[in-house]
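Take the two chains in turn, then look at where they meet.

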Amino acid sequence: MASISINGVEKRFDNGFHALKGVSTEIAPGSFTVILGPSGAGKSTLLRLINGLETPTRGSLAVAGKPIDHANLRAIRGEVGMVFQHFNLVDRLSVVTNVLVGRLKTRSWLGSILYLFKREDMDIAHEALDRVGLVDKSWQRADRLSGGQQQRVGIARALAQQPRVILADEPVASLDPVTSEEIMQLLREICARDRITVLVNLHQIDLAKRFADRIIGLNAGKVVFDGTPAQLDRTALARVYQREGNQDDEQLQSVLAYA
Amino acid sequence: MTASARTPLPPKPFNPTPVWLSAWIVVLWLIVRDLDLSFATLAYGVEDMAEYFGRYHAPDFSDLPHYLSLMAQTIATALWGTLVALLFAVALAPFAARNLTPSSTAYRTSREMLNFMRAMPDLLLALIFVASLGLGPLPGVLALGIHTAGFLGKFFAESLERIDSGVVEAVRASGASHSQIVMYAGWPSILREALGYTLYVMDRNVRMASVLGLVGAGGIGLALHDTLRLFKYDESAALIAVILVVLLAFDYFSTWLRGKLK
C-alpha cells in the first residue's frame, strides 16, 4: 500500500490563486522523495495538504490508506511529522519541551495544560534528541541555539511523534551549505533506519540529486517531471524551472549551465 | 546610461496628511469656540483655586497608622481586582485571538464580552455593586476586576495574534488539540508581554482603588470622602499626602519591575 496517495488534487485559494491544478501520485512507504520547482509552483501547498493544514478544492488525499478528512484530521497529523524552513520552535520553551510537543497528541487535556508528561513520553523525547545529537542542550531555551541546531530540534520534534511520514518544507533554505548537508544526511538516515517515508521540498538541485530516491518536479501547479535523479537532465530541469510566457529564458539557461 | 533613457518615475501619490491636519485644527477651534472656553476665566479661577488649596496647609498626621491600614486595604482591593481580571482575561483571550480561536462564533462572543467589560466604567460598576452588595472592599474588587478584565483580555488577545503563525502551525501540525496549541504555542510566546500588561493594569488599579472609595467601595477613598464632607481640611490633607506618596512609590516599583522584564 502506498504511504501517501494523492488523487486529482486541486487547490484554489480564496484570493483566486490556483496553486495546484490536478496532481495525482503515489509515494511508496520508506522512500525518500524530493519535490523541486520554482517559487509559487505549489510545493508547500502540496505538503500542507498532506498534513491537513489545507483542504483540497477538488480531489482527495490519503496517508497509509486512511483518507484525510475533517473527522480524522488530528489522527493523521499525529502520524505525519512536519519540519519547517524557519524551524518554528517555541522560542521560550526548553529544547526538550519543544520535542515533547510531538507527544501532545497522546496526552490528556489536563496533563498537557499543566505541562506534565509521562515517563515514556520523556524517554521518547530523550531518544529523539539523542538521534539528532542534542541531548546536552536539552534544558536550554530553544532560541539560544544556532539555526542548524534549531532545525535538528525541529526534526527531533517530528521524530517524537513516531510518525509514518515526515514532510520537510525547504528544511535547509535558511542554513549554510555544511549545515544543510548535515540536515539532509540526518533526514536520509531517519528514512533508512526507521523506514519513515520522507518527502522534502527543496530549491537545491544538487542536494536533490544526491539524496533523493525519486524526484518530482512541480511547475505552476502541475507535475512536469517524475523520475529518478539520473533522469533529471537539463531538458527536464528546464521544464521544471521554466517561467510562464518566457520560453527563451536567458537567466534559466545560465542557471542550468551550472546545475 | 543617460537620464533620458531611464524608465520615468511613476507619478507621486497624493499625500492626504496636510488636508487632514488642517481639518482637525478647524474642528478643534470650533469646539473651543462652541464651549466658550477662554483664558480669561481660567486666569480668574486660578486666584480662587489658590485660596481653596490654602485651606489644606496643615496636614494632621495624628491618625497615621489608621490611614496606612486603610491604604493597605486599598492596595489589597487593587491586587484582588487585578487577579479577578487576570482570570477572566486568561480564560477569554485565546478565544478572542483570530489565529487561535476555534470558531468565528467563539471569536465574536468573546470579543463582545471583552468590549462590554471594557465599556463599563469601573466607577459605575462600583456604584452598582455598592448598592447591591453594601459598602466595603468587595464591590471595589469586582468593579476593578470586571472593567480591567476587558483591557487585559484585549491586550492578551492582540499579543496572541502577533505570535509567529509558523509556531502555531508547527504545534497544530503535530496533532495537538486546540487547548494544547494555546498552552504550548500561545502563552509561552507572550509570557513576558502579558506580565508587563498585568503589572501596568495592577498599577492602574491601585490608583483607581483609591478613588473608588469615594463611592463607598472601601479603602482610603471612603475615609477621604468622609473628611471632605465634614470640611476637615487637615485630615483630608494628610490622607491625600498618604495616597500620593504610596501611589508614587507603587508607580516607581512597577516601572522598575517592568523594566526588569525587558
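Helices (H or I, at least four residues) and strands (E, at least two) are DSSP runs, numbered from the N terminus. Read that way, the elements of chain B run α-α-α-α-α-α-α-α-α-α. The radius of gyration of chain B is 25 Å, well over the 18 Å that the globule rule gives for 262 residues, so chain B is more spread out than a compact globule. That radius is taken over C-alpha atoms, and the globule rule is 2.2 Å times the number of residues to the power 0.38. The C-alpha trace of chain B spans about 80 × 55 × 35 Å along its principal axes.

This is a predicted model: local features need pLDDT of at least 70, side-chain atom pairs count only at pLDDT 80 or more, and totals for chains, interfaces and linings use all residues. Residues are numbered from 1 along each chain as its sequence is written, while chains are lettered from A and ligands numbered from 1 in the order in which they are written.

Chain A has ten helices and ten strands. Its radius of gyration is 19 Å, close to the 18 Å from the globule rule for 259 residues, so chain A is as compact as a globular protein of that length. Its C-alpha trace spans about 60 × 40 × 35 Å along the principal axes.

Now go into chain B. Helix α3 (residues 64-96) has 33 residues and reaches 46 Å from its first C-alpha to its last, close to the expected 48 Å. The expected span is 1.5 Å times one less than the number of residues. A kink of about 30° lies at B:V90, shortly before the proline B:P94. The bend is the angle between axes fitted to the seven residues ending at a residue and the seven starting there.

Which residues of α4(B) are buried? They are B:S110, B:L114 and B:M117 (buried: 20 or more other C-beta atoms within 10 Å of its own; exposed: 12 or fewer; partly exposed: in between; C-beta atoms placed from the backbone). What covers them includes α3 and α6 (137-162) of chain B. The face of α4(B) turned away carries the exposed residues B:S104, B:T105, B:E112, B:F116 and B:A119.

Finally, the chains meet. In chain A, 22 residues are in contact with 18 residues of chain B (contact: C-beta atoms, placed from the backbone, within 7 Å). Helices α2 (73-79) and α4 (109-113) of chain A each supply at least two residues of the side that touches chain B.

Methods. Two residues are in contact if their C-beta atoms, placed from the backbone, lie within 7 Å.
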